[in-house]
Amino acid sequence: MIKVKGLNHSYKKDGKYAVNNVNFEVAEGEIFGFLGPSGAGKSTTQNIMTGLLQLQEGEVTVAGYDVKHIKNEMFNQIGMSFEQSNVYSKMTAKENLDFYRKLFDVETREPQDLLDLVGLGDKGNIRAGEFSKGMKHRLTFARSMINNPTLWFLDEPTTGLDPSIAADIKDIIRRENKKGVTVFLTTHNMYIADELCDRVAFIVDGDIKLIDSPKNLKLQYGEQLVEVEYIKDGDVVKESFSTIKTEDKNQLKDIIDKYEIQTMHTKEATLEEIFIKVTGRGLK
Ligand SMILES: Nc1ncnc2c1ncn2[C@@H]1O[C@H](COP(=O)(O)OP(=O)(O)O)[C@@H](O)[C@H]1O
Ligand SMILES: [Mg+2]
């Protein structure tokens, strides 16, 4: 569904690259995640794939279209939801969707159905300008589905939403994916990446460090850890040890021998811990 080869992008063409030799492929039916901290180059990559930014260097094919020479028909097939909502403030929610659906040459979904889906069913006649940030975000998200896209680009789809709405959005993404929609999702939120993605790419400073499924990553990097809290010189110290590495096991034995243990339990490594291990960076 997506092929990206040797992608580079420099905003100021000053030798500094926001995206640096990025390569990946997304198969039909996948939920593919771009996971990385703010400024990693996630939105830049998505914007090049969706034609918002001119391709500078590399080969990018999206839903069978070469983005070097974008054809309008590509937009019939893709859906895009942005980090920053860009709905028309003077139009009502419903007018926004009515306006947008006319831009497509394919069958579109009923605005009211989409508003119902994202929990804005009774807000259709309110001007988008009066919406809260989260409501605008939901409207942008609803709008991105209006043309029944086969390939759906979602940039930080749950950022800034309250947890129950974020859960609804996740359910919608899952459901659409089950219907066969391929999803390209960018996020700095490891929970959504872990819950939704078949495969994730770890991206830092415009560089993909690794691509794999969350499950494989946990098997590969997420060795069993024991988290111990013990009292040392009157203070509580919290440390984690591998239950596989000899050095860690010895340290753990030492601690058990020497100090008073407060709590001790095993825990599976989170995607964020694996991210830090692989990239040396956090996800903030
Ligand atoms: N319009 C722009 N002009 C100049 N630099 C930009 C622009 N947009 C993003 N950047 C820079 O490119 C890098 C990648 O940004 P971005 O793709 O938005 O990252 P992410 O989506 O992962 O947070 C950052 O260093 C950011 O400051
Ligand atoms: Mg971004």
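1. Let us start with a term: two strands pair if DSSP finds at least two bridges between them. Helices (H or I, at least four residues) and strands (E, at least two) are themselves DSSP runs, numbered from the N terminus. In strand 7, for example, Leu154 is the bridge partner of Ser81.

2. A word on what you are looking at: this is a predicted model, in which local features need pLDDT of at least 70 and side-chain atom pairs count only at pLDDT 80 or more, while totals for chains, interfaces and linings use all residues. Residues are numbered from 1 along each chain as its sequence is written, chains are lettered from A and ligands are numbered from 1, in the order in which they are written.

3. Now the overall picture. The protein has ten helices and 13 strands, and its C-alpha atoms fill a box of roughly 70 × 45 × 35 Å along the principal axes. There is a domain 1 (2–218) and a domain 2 (223–267), with bounds that come from an automatic or database domain assignment. Their C-alpha centres are 42 Å apart.

4. How much of the protein is buried? Of its 284 residues, 35% are. Here a residue is buried if 20 or more other C-beta atoms lie within 10 Å of its own, exposed if 12 or fewer, and partly exposed in between, with C-beta atoms placed from the backbone. Contacts tell another part of the story: two residues are in contact if their C-beta atoms, placed from the backbone, lie within 7 Å. Among contacts with a separation of 6 or more, 69% join residues 24 or more positions apart.

5. Five of its five residues are buried, so strand 7 is largely enclosed by the rest of the structure. One side carries Leu151, Phe153 and Asp155, the other Trp152 and Leu154, and both faces are covered. Strand 7 runs parallel to strand 6 (residues 78–81), joined by four bridges. With strand 8 (residues 182–187) the pairing is also in the parallel sense, over five bridges, and there Phe153 stands opposite Phe184.

6. Follow strand 8 to strand 3 (31–35): five bridges join these two parallel strands, and Phe32 stands opposite Phe184. Strand 3 also pairs with strand 9 (199–204) in the parallel sense, over four bridges, where Arg199 is the bridge partner of Phe32. Why is strand 3 described as largely enclosed by the rest of the structure? Because five of its five residues are buried. Ile31, Gly33 and Leu35 lie on one side and Phe32 and Phe34 on the other, with both faces covered.

7. Helix 1 (residues 42–49) has seven of its eight residues buried, so helix 1 too is largely enclosed by the rest of the structure. The buried ones are Lys42, Ser43, Thr44, Thr45, Gln46, Ile48 and Met49. After helix 1 comes Gly51, with a positive phi near 80°.

8. What surrounds ligand 1? Its shell is made of Tyr11, Ala18, Gly36, Ser38, Gly39, Ala40, Gly41, Lys42, Ser43 and Thr44, where a residue counts as near if its C-beta atom, placed from the backbone, lies within 6 Å of the molecule. By type, the shell has three nonpolar, six polar and one charged residue. In this scheme Ala, Val, Leu, Ile, Met, Phe, Trp, Tyr, Cys and Pro count as nonpolar, Asp, Glu, Lys and Arg as charged, and the others, Gly among them, as polar.

9. At helix 10 (residues 271–279), Leu271, Ile274, Phe275 and Thr279 are buried. They cover an arc of only 110° around the axis (using the directions from the helix axis to the C-beta atoms), which puts them on the same side of helix 10. These buried residues pack against strand 3, helix 7 (190–196), strand 9, strand 10 (207–212) and helix 8 (214–220).

10. Finally, two backbone details. Most residues other than glycine have a negative phi. Lys13 has a positive phi near 50°, and so does Glu156, at about 50°. Lys13 lies in the loop between strand 1 (2–9) and strand 2 (19–26), while Glu156 is in the loop between strand 7 and helix 6. Are they buried or exposed? Lys13 counts as exposed because it has 9 C-beta neighbours inside 10 Å, and Glu156 counts as buried because it has 22.
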